[in-house]
Amino acid sequence: MNIDNQTPPEDPEAELMNLIVQGDEQAFERLYHRLYSRLFRFVARMTRRPELIEEIINDTMYVVWEKASTYNRQCRPSTWIFGIAFNKARQSLRNAVQGNTVWLDDMEGDAREHALEDNGPLQIELDDWLEFALDCLSPEQRAVIELTYYQELHYNEIAELMECSENTIKTRMHYARKKLAAFLNDKRN
């Protein structure tokens with residue numbers, strides 16, 4: 001068998017996007033379920049507002065359905081969708097009444113289950129500590145941390161979806177790391 005002549009398997013998300021452009025509601029539903037947990041965690045960490053999460057995810061996916069034909073395939077579909085979610089979350093934060101940060105501990109059952117994966121008490125403690133540490137960051141810095149470490153996007157992809165330069169992303173990451181390091185040092189002392 002000649003491996004060089006084999007074509008690489010198609011990206012499942014790209015295949016779903018092609019079907020969505022054709023109006024396939026089942027493909028849209030599969031894409032929604034495929035990305036829901038990742039979107040939930042991203043929006044929860046960025047906004048820190050559980051009452052906004054479902055609305056932002058639904059608004060994001062509505063745009064995906066309505067604008068699927070505008071997806072230009074210059075990035076992965078999930079990168080394009082996270083860009084939409086970032087913009088929707090940022091707009092929701094601007095529109096939301098300023099209130100106190102809501103910790104994951106304060107979320108109701110289903111919302112908390114989506115925000116945390118069930119990896120036992122140690123993982124929950126670690127996630128709670130991380131939530132506390134991330135609270136010292138701006139929404140943009142939290143987004144860069146989430147997209148880099150949890151969604152495994154490259155800086156150029158993050159820059160594209162956040163509509164800023166790659167250097168801006170690097171700067172946000174630099175300051176986020178400095179703030180997190182300072183937070184860790186304060187907790188050690």
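## How α4 and α7 run

In this predicted model, helix α4 (residues 77–95) and helix α7 (residues 139–150) pack at an angle of about 155°. Angles over 145 degrees count as roughly antiparallel, so α4 and α7 are roughly antiparallel to each other. Their axes sit 12 Å apart, and the crossing of α4 past α7 is right-handed.

Who makes the contact? On the α4 side you'll find Phe82, Phe86, Arg90 and Leu93, and on the α7 side Pro139, Glu140, Ala143 and Leu147. Sorted by type, the residues of this α4 with α7 contact come out as six nonpolar and two charged, with no polar ones.

## Threonine 79 in α4

Back on α4, have a look at threonine 79, which lies in this helix. Is threonine 79 buried or exposed? Its relative accessible area is 1%, and buried means under 20%, so threonine 79 counts as buried.

Which residues does threonine 79 touch? Once neighbours within four places in sequence are set aside, threonine 79 is in contact with Leu153, Glu157 and Leu161.

## Over to α8

Two of those partners, Glu157 and Leu161, turn up again among the buried residues of helix α8 (residues 155–162).

What comes after α8? Glutamate 163 follows the helix, and its phi is positive, near 55°.

Notes: Residues are numbered from 1 along each chain as its sequence is written. This is a predicted model: local features need pLDDT of at least 70, side-chain atom pairs count only at pLDDT 80 or more; totals for chains, interfaces and linings use all residues. Side-chain values use heavy atoms; hydrogens and water are left out. Helices (H or I, at least four residues) and strands (E, at least two) are DSSP runs, numbered from the N terminus. Buried means under 20% relative accessible area, exposed over 50%, partly exposed in between (1.4 Å probe, protein chains only). Contact means heavy atoms within 4.5 Å. Axes are lines fitted to C-alpha atoms, for helices over the stretch in contact, and angles run from 0 to 180 degrees between N-to-C directions. Angles under 35 degrees count as roughly parallel, over 145 as roughly antiparallel, 65 to 115 as roughly perpendicular and the rest as oblique. A crossing is left-handed if the near helix is turned anticlockwise from the far one by less than a right angle, and right-handed if clockwise. Ala, Val, Leu, Ile, Met, Phe, Trp, Tyr, Cys and Pro count as nonpolar, Asp, Glu, Lys and Arg as charged, and the others, Gly among them, as polar.
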